Every structure is written in C-alpha cells, then in structure tokens.
Amino acid sequence: MRIELIKRPQQSALFSAVSPLLALGLTVLAGFVIFSLLGKPPLEALYIYFVEPLSETWQLHELAIKAAPLIMIAVGLSVCYRSNNWNIGAEGQFILGGIAGSLIPILMPGFQNFLTLPLMLLFGFIGGAAMGAVPALLKTRFNTNEILTSLMLVYVAQLFLDWLARGVFRDPNGNNFPGSIRFPSAARLPEIIPSQGSAHLGIVLAVIAAAIVWVMMKYLLRGFEVKVLGGSPRAGRFAGFSSSRMVFFAFILSGGLAGLAGICEVSGAIGQLRETISPGYGFAAIIVAFLGRLNPLGAIAAGFVLALTYLGGEGAQMSLGISDKVARVYQGLLLFFVLGCDTLIHYRIRLVFGDPVKAQG
Amino acid sequence: MQSGSEGTPLLKTVGLTKVFGEVKACNGIDLSIAPGEIHALLGENGAGKSTLVKMMFGVLDPSEGEILWKGQPVRIGSPGEARRLGIGMVFQHFSLFEALTAAENIALVLEEKTPISKIAETARKLSVDYGLPLDPNSMVGDLSVGERQRIEIIRCLLQKPDLIILDEPTSVLTPQEANKMFETLERLKAEGKSILYISHRLDEVKRLCDTATVLRHGKVVGHCVPREETASSLANMMVGSDVETVKREGAVPEFGKPLIEIRNLERPPATPFSIPLRGIDLTVRAGEIVGIAGVAGNGQGEFFEAVSGEATQKRADIVSLNGQDCGDKGISGRRILGVGFVPEERLGHGAVPSLPLSENMLLSRHRTDAKSMLGPFGFVRNAAVRSASKRVIGEMDVRKTAEDPEAAALSGGNLQKYLIGRELDRQPAVMIVDQPTWGVDAGAAARIRKALIALARSGSAVLVISQDLDELFEISDSIAVMHDGRLSEPVPIAEATYEKIGLLMGGAEPGHMAFEGVKEEAGA
C-alpha cells in the first residue's frame, strides 16, 4: 500500500477561509487527549488554558503585551515568506533590535528628552534590519541557504546578548545580577491605560505596522513585486524586478520589524536589558504568520491566539503543575494542524492498495 | 484498417478513459495495433495523445476501460511492468541524467545486474547495427539533442520490446536527422516489431505510417490509412474544421531603417549545461520579419534572454533596439525604448500562473505605462490596468470562463493570445517573440501569426524565434538559423528551402561542429 497526494482541481473557498479555525479546533482536541494522558482533568485544563486568561481586564493587558511582539514580527515574516525568502532568524533580529535600541539609555543615560524614545525605536529597527541583512548578503553573494544562516545567527545573537548583559553592560550597582541599569522613564514605552493594566504602546505600533504593510501588499507596486517574485522568480525577472534586491528588501523589512519588536519589549515590558529578553517570540511568530495566512491583518488575530498559549501555559503551570513546555507543544501542534489543513485543501489523499500490476485475466 | 483486422492485435484498448479533476483527457479510446505495423497517433496539442500513451506505458492509471496485450487484459502499474510485457517508450522530453555517461543511463533502466562495460559493448554493437552511431562512454550533457534521442532509442531496443512508443520523436531533429531515424523505424518494422508513432507532422505520418488513429479533445474521431489521405484531409480531421492558412501579401515590401542591431554578441554559458553564444550579428529593419530557426537547445533561450535584457551585456553598443544602444540596460530599460517581448514559457516566465490576468498586465507594463497605471508612492491604478486588460482581451479574442481569471486557468492558446496582445497593445516599434505558437491550437496560431504580420506591415521590426519551420516559412521575410550558439546569415525567403534551412540546422556552415551524416550530405 502506498499513500499518494493528488492535487485537487479546485480549492474549496469555504475551507480555505475556515482552515485556521479548523486547525485551532484540532489543536484543542489534541490538547484534550494530551491532558487526559497526563492524568489531568482535561476540561478544567482547557479552561485554564484558553478561557481563564481572558476573564479579567488586567489579563487582557497581559495578552496584548505578549501579542504585540508576535504580531509585529509576523507582519514582517509574512512579506518575507510571500517573496519566497525563508527568514527563520527573527528571534536573533529581535534580540539585536533590543540591544541596538538599548544603546541609547545605557551608554547615554543623561540623554533624556522627547527624542529619546523615537531614537531608540529607530535604532531597534536598524539593529534588527542589519542582523537580517547578513543572511540576505550571504544568500545573494554566496548562494547560501538563508534558512540555515538566519537560524544559526540566532545563537550568535543570544550569546552576544548574554555576554553584554553579564559583562560590559552589567549595572555596576546591580549586586552582580546580570542585566543593565533600569531605563529612565523617558526611555520607557508608555502604558496605554495605566489605571487598568500594564499593556504598553507596542500593541498599537504592531497594529499600525500591520495596517501599513497590508496596504503595501494590496495596493502598491512593491507588494505586486513581492507576489510576482515569490510566485515565479523567472516571471519576476521578465518584469524587470531584481530578485537579489527583493531578498534584501524582505530580510531588511522582516528583520527591522523584529528589531522594533525587540526594543518595544525591552523598553516597554522589561525596562532593562537582560540576558534573555524573549521567550521564543521570533520562532512563535513563524506560526503566527502562517496561522494568519501570510496576511498582515490575519497576523493580528493569529498573534492574539498564540499569545493566549503563552498565558495559558503559565496558568496551567501554576494551577495544575503542568510544565510550561506544554505551551511549546501547543504551538507546535497548531503549526502542524495549520499546515496539514492547508495541504489537504490543495490535495486529497489516495490510498493505493495491492501489488502493482499483475495480469488480471 | 485492413492490416489491423487480421489475427490478434498486439495491443488493444477498450474504452480507455483518464479523468483529471473534471476534465476527461482521454474519453473512451478504442485503438488496436497489429503486429509489425507502424501506427500513427495524430492530434493537436492537448488532444490527449500523451495521456493515452502514458496509460499504455504504466505512467498513469486509467480511470476506466482496459488494455489488452496479445489478447489478454492487463493492468500496467509502472513503466517497469510495461517493459517486462514488452512495451518500450521514447519520451518527448528525455529522461536522461546529464552528468552520467550514455552507458550509465542505459544501465539505470535495465533490471538485471550487468557490468557497465558489457552494457556499453552491447549498446555500441546495437547502435552500429541500426545505423545510429553512439559512443556509450560520452557524457550525456555534452551530447546534441539528436544524439540523446539515439540513447533513448538504443536503451529501448536493448530490452527487446514488441511495441515501441515514440512521442513526437522528430520535434527535436533536423530534417536530415529525421530521415535517418525513419530508416531505422522501417527496419524495426521489417523485423516484425510494432511502432506507435505520435506526431502532428502530417507529411511524416503519410510517408511512414500504415494506419492512423486521430484524436480530438480526448476522443477518437477517426481511423484511417494515411497514404490514402491528403495532408489537408488529415489536418481537418485533427482540427475539426478547415484550417486557415495565413497568406503573405504578394510583393516584398520595402524595409526601413534598422530597428534591431546586434553586433558580435557573446555570452558565456550561465550553467554547465547551457549553450554559450558566439559572435552573433543580426539586423532587422522596420517592416521586416526575421525568423530564427534551429533545433531546440541550440542557444535560442540564451539568445532571447540576452536580447530582452534579462541578461545584460557589458557594452551598450552590442545590442541596439529602436535606434538606441541599450546593451547595458535591463529589460525595463529596453521596454521603454518601445520594445515588446514574449518569451517561450507562458506560465512562469511570461505570466505568473497564480495571478489574475489583469495583474499579469502589470507584469510587463508597470514601467512603460507608469503614467497611466501607477499613482503616487507606486499605488496601482486598478481601473486603468483592468481597462487595458479588457482592451487586449477584446482585441485578441481571448476566450475565458471568468471575468478576470488566473493566468493558469486559461488554455495555452488563449493565454498566448493575451501575452502577445499585451505587447501589441503598446504598438511596439520592435517585437521579439520566442516560440509564438508553441502548444497553441490552430485557430489561435493563425490569429497570432496574422497579428505579427500586421505589426510588421505597419512599420515595426519583428524577430520570431521558432522551432516550427512551417510557421517561419509562412511569416518570415528572411530566416536565419541558430546552431550551437551561432547564428547563420539570414536567408531571404525567396531563396530559402526546407533542405537549405535543414542543413543549416544541422550545423552545415563551414567551421561548425556537424553531425557526420549531415556533413556527408552537405558535401555531396
């Protein structure tokens, strides 16, 4: 017996639209099975995972804090993936953005005015973009595989941050704990509604970024260029578009947005440069991008869903004593089901039985 | 018919049907091949010929119907199974590994474990026997298309098949090479082997084949004896209506100033298996159509890329279009000079398959029509793009099922009409087209040829690269031949004959690498 994937002549428009919801449903179902096998009450666990984090206002603020970096990174990645460039290193670009933006408050703590924050955000974008430009350069110059180089640079960035936070940037008055000085208020991203919760402006910036990129992809020649070069590089060359310039554009945009997310996280949620600043946002954002169907607006909704798995994981750890690694399992399952649903929308499965070919007569 | 009716047919299909999605590529095909006959399978592109033989060779599973082999119903699940039964096939697109030698390629399909040296020896003997000389130790990547086909045929013969299926074998050969192959086929027939010969070249079929089955839209529309038919009666059967031939106006018109000038164009090979261009010179004047003939894979694709600016030249004066040196400009820069390009591949080169027609309009027009189609910040003016698209669809009679369908949803002929119309709509001073009617139905092909002639008569220079000699003779004012990356002097149409062009296609010009057979004929 063998299994064949056969391309469907037409894709169902209905199922293309509900595919992310279907994937979500399957993930919940799989969660039910996992919790049962772990010997935890499955319904209660699912409640703690998916409903409880939404029950109070301050928790919604927490959700927005987690969703902001996911959305911002995923918006850039969706453009990058549409153009057929596979940036897997957003985590590293996020970290470098955080470092670059922190240079201002750490090296010039006295520079405190209305320009401090905008400059930090700009530096964050540039830092991430510079980090993203490295795999782009390697790809266009030496024809290296950007998936490998961008991923490997994540480890470089993580260790570089670790070295900075424990070494040169360590707060001299910090009792030898790793981490920089605490940022002055002029270098902190303000909270949106301080009386209700701690969500900062990052979520607003993320939504604005999504809207701008959506307009670009839908209405501008540049968006057309992304689609053409991503769909058919040869046709792109025929159109007069440069595929190597597109590699740089895609990596600089996605790296830059990841870097912006990085500095937003550092100056908003954390308030200092620490040895770790991300619980894997750069990787989870890959799932967000696909769950949002590589559409910047879709990434907003998908970002909140993934943020929920982070909060739910923390909640389940506290109430049920389940390892927070379960959150990672959830994220993996979600990606698996999204890709699975998409594959089955485009292909159907055929089982071919029997020994191929013997005379029947 | 008569030769097929005596005794048990070697192979017979009963109601053979293959459904792809909702399309019946083959619909209830009944066909029988007698031992020792050459049977032609005729039909236009897309008539279902290739699908049918793929089912016979075990590449595709039939959806319905059955195949009888020597009177016994069989289910052929894989090419290996077909070979074991005694069916051999030579594909239209060769299935050879370029980085292996001929003998190694042959060894790959043989099932028993024979040492390569022994296979090489057998292959050499067999090839000499059948008049298809072949060096088994040569690397396939270095061989010409004709030589590669010999490997496929020898590989097929080594398995001692009773039935040999040949899928458009002459489409890649010069007329002289094709003649040699016909001799081989006659000899195989004399040995009692059957041959299923797929082609849309009617003169070949008339000359070679004993019986013929004609397919149209996946159905059998007739069985006949080709020798008793005329070329036009066969063509009518294939197309289903009288084929319109494009007539050129009587007198040769006066040509204006040169609009395409190519001076000593050289291009090193971009990949190990692509053809370098060597010292190409060419001039096309206003009002003139120059055709470039040649066997596939002799540098036509590389030449198109160099002229279109997808690959640029080091110096501006190597290529001059519409009176301006532009060798250093990219494709957009050349389009702005008033040049239109249509590449060979429609899907994936001339158009993005997944994008709607209107967005494909923007593909080649976003720079030349930036004023009307783009607004500030590169905002696309969809209304202007759509109206241009509508204009082209009306002008070229593009038939489609939806208002603005994806490019991939159109038939080859209709998409090609759209892509040609996309450029004609700008009234280009220079038009360069690669394989304008490749895989296009007869009606659309006539429409496209007419449009190209009309463009030239209105004072533009037109350069057509094509493997279809009939087409070039029909529309060109002169024909040049590309062989091994070099271009011959253009031959004015009044002096051009199939023999002359055929010899040039084989590389007969002095100083060129030539096939041995052709050299002798040229010298004689």
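Predicted model: local features only at pLDDT ≥ 70, side-chain atom pairs only at ≥ 80, totals over all residues.
Local features need pLDDT of at least 70 and side-chain atom pairs count only at pLDDT 80 or more, while totals for chains, interfaces and linings use all residues. Residues are numbered from 1 along each chain as its sequence is written, chains are lettered from A and ligands numbered from 1 in the order in which they are written, and side-chain values use heavy atoms, with hydrogens and water left out.

**View 1. Chain B meets chain A.** Here 38 residues of chain B are in contact with 24 residues of chain A (contact means heavy atoms within 4.5 Å). The two chains bury about 2,500 Å² between them. Buried area is the accessible area (1.4 Å probe) that two parts lose on being put together, summed over both. Carbon and sulfur atoms carry 61% of it. In chain B, Arg75(B), His349(B) and Leu363(B) lose the most area to chain A, together 20% of what that side buries.

View 2. The rule finds 3 salt bridges between chain B and chain A. A salt bridge is a side-chain nitrogen of Lys or Arg within 4 Å of a carboxyl oxygen of Asp or Glu. One joins Arg234(A) to Glu305(B), with the closest N and O atoms 3.7 Å apart.

**View 3. The elements on the chain B side.** Strand E5 (72-74), helix H10 (300-308), helix H11 (331-336) and helix H12 (357-365) of chain B each give two or more residues to the side that touches chain A. Helices (H or I, at least four residues) and strands (E, at least two) are DSSP runs, numbered from the N terminus. The largest share, 4 residues, comes from H12(B).

View 4. Arg155(B) pairs with Glu152(B), their closest N and O atoms being 3.7 Å apart. Both lie in helix H6 (residues 145-158) of chain B. They sit 3 residues apart, about one turn of the helix. Over all chains, the salt bridge count comes to 34.

**View 5. Confidence along chain A.** The mean pLDDT of chain A is 91 (pLDDT is the predictor's confidence in each residue, from 0 to 100). In chain A, 98% of residues reach 70 or more. Confidence is lowest in strand E1 (residues 2-7) of chain A, at a mean of 78. It is highest in helix H5 (residues 116-142) of chain A, at 97. Over residues 355-361 of chain A, the pLDDT is below 50.
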